[in-house]
Amino acid sequence: MPTHPDPLFVTDAAINIFPDLDVKRDIVQNAIDFFRDLGLGEPRVALLSAVETVTSKIPSTIDAAALCKMAERGQITGGLLDGPLAFDNAISPEAAEIKGIKSAVAGRAQILVVPDLEAGNMLAKNLIFLAKADAAGIVLGARVPIILTSRADSVRTRMASCAIAVLLAHARRIPAVLPKV
C-alpha cells in the first residue's frame, strides 16, 4: 500500500467461511510458514477482532486469546502473535499507543488474521479499492501453491499472484505443475 511501510498479509479472504479454532491454528501456521518461506523473517501476527479485549460476547476475541496461548505452548511456531487486536491498533502505532496497548505486534502487524471469510474478503477489497494496495492471491495448505484471484482483479494482481506462487514453489522445492495443452 502506498500509505503503509510494510506489506500486509491478510488471511483468510476466500476459502474458509467460518473457521473453528483448529482451522484458525492451521491458517495462522500456514501464513507464518509462507511469510518465512518468502525470506521475510519472523512475522508479527495480529489476530483481529472488533475490539482488543477478551469478551464472551465476541467469539473472535476468545479465539484470538486461545491462539496466543497456543503459540506460547508451541502449538504455533515461527511468529510473534498478539490478539485480540482491532484493525486500527494492529497496523497503527499511534492507535496502539492511544489505547495503551504494548506489544511487539500492536501497531506493527505484518499478518492480519481475520475471524471469518466475510471480514477477510471485505478487508482485502477495502485495501485494494480504497487504499490502492497491490494484491496477490494464493491458497496455502495444499501440496502445491494455488493461485486464487477475483474476477475483478487487475492484470497486475494476477501477475503478482503468479509471482508469489513461483516464489513459494521455489522456496519449498515444489516442481511446477503445468496444464496439458
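A pocket, as the word is used here, is an open set of grid points with protein on both sides within 12 Å along at least five of seven lines, and its lining residues are those with an atom within 4 Å of a point. The model described is a predicted one.

## The largest pocket

Lining the largest pocket are 44 residues, and those nearest its centre are V10, A135, A136, G137 and I138. Two or more lining residues come from each of strand 1 (9-11), helix 1 (21-37), helix 5 (117-129), strand 5 (138-139) and helix 6 (155-171). The volume of the largest pocket is about 1500 Å³. By class, its lining has 28 nonpolar, 9 polar and 7 charged residues.

Four strands form an open sheet in the order 1-4-2-3, and their pairing is parallel. Strand 1 and strand 3 (80-85) are the edge strands; each has a single partner strand, so one side of each has no neighbour in the sheet. From one strand to the next, the twist averages 20°.

Within this sheet, strand 2 (residues 44-48) pairs with strand 4 (residues 111-113) in the parallel sense, over 3 bridges. In that pairing, L47 has V113 of strand 4 as its bridge partner. Strand 2 is also joined to strand 3 by 4 bridges, and these two strands run parallel. Here A46 has D82 of strand 3 as its bridge partner.

Is strand 3 largely enclosed or largely open, given how many of its 6 residues are buried? Of those 6 residues, 5 are buried, so strand 3 is largely enclosed by the rest of the structure. A residue counts as buried when its relative accessible area is under 20%. Strand 3 thus has a side without a neighbour in the sheet, yet most of the strand is enclosed by the rest of the structure.

Helix 2 (residues 59-72) lies across strand 2 and strand 3, and runs at about 165° to strand 3. K69 belongs to helix 2. This lysine is partly exposed, with a relative accessible area of 38%. Between the C-alpha atoms of K69 and D82, which are 13 residues apart along the chain, the separation is 9.6 Å.

## Cavities

The whole structure contains 2 cavities of 30 Å³ or more. The table gives the volume and the lining classes of each.

| Cavity | Volume | Lining by class |
|---|---|---|
| Largest cavity | about 50 Å³ | 7 nonpolar, 1 polar and 2 charged residues |
| Second largest cavity | about 30 Å³ | 6 nonpolar, 2 polar and 2 charged residues |

The residues that line the largest cavity are K24, L47, L48, S60, D63, A64, L67, V113, V114 and P115. Helix 2 gives the largest share of this lining, 4 residues. Strand 2 and helix 2 each supply at least two residues to it. L47 and V113, both in the lining of the largest cavity, are also the bridge partners that link strand 2 and strand 4.

The second largest cavity is lined by T11, D12, N16, P19, I27, V113, V114, P115, D116 and L117.

## Backbone geometry

Most residues other than glycine have a negative phi, and most peptide bonds are trans. Which residues does the cis peptide bond with omega near -5° join? That bond runs from T11 to D12.

K132 is not a glycine, but its phi is positive, near 60°. Its place is in the loop between helix 5 and strand 5. K132 is exposed, with a relative accessible area of 55%.

## Helix 4

E94 lies in helix 4 (residues 93-98). This glutamate is exposed, at a relative accessible area of 53%. The C-alpha atoms of E94 and A106 are 9.8 Å apart, with the two residues 12 positions apart along the chain.

Conventions: Residues numbered from 1 in each chain as written. Predicted model: local features only at pLDDT ≥ 70, side-chain atom pairs only at ≥ 80, totals over all residues. Heavy atoms only, no water. 1 Å grid on protein atoms, 1.4 Å probe; cavity = no way out; pocket = protein on both sides within 12 Å on 5 of 7 lines; lining within 4 Å. Points joined across faces, edges and corners; volume = space filled by probe spheres on them. Nonpolar A, V, L, I, M, F, W, Y, C, P; charged D, E, K, R; others polar. Pairing = 2+ DSSP bridges. Axes fitted to C-alpha atoms, helices over the stretch in contact; angles between N-to-C directions. Contact = heavy atoms within 4.5 Å. Buried < 20%, exposed > 50% of the residue type's maximum accessible area, 1.4 Å probe, protein only.
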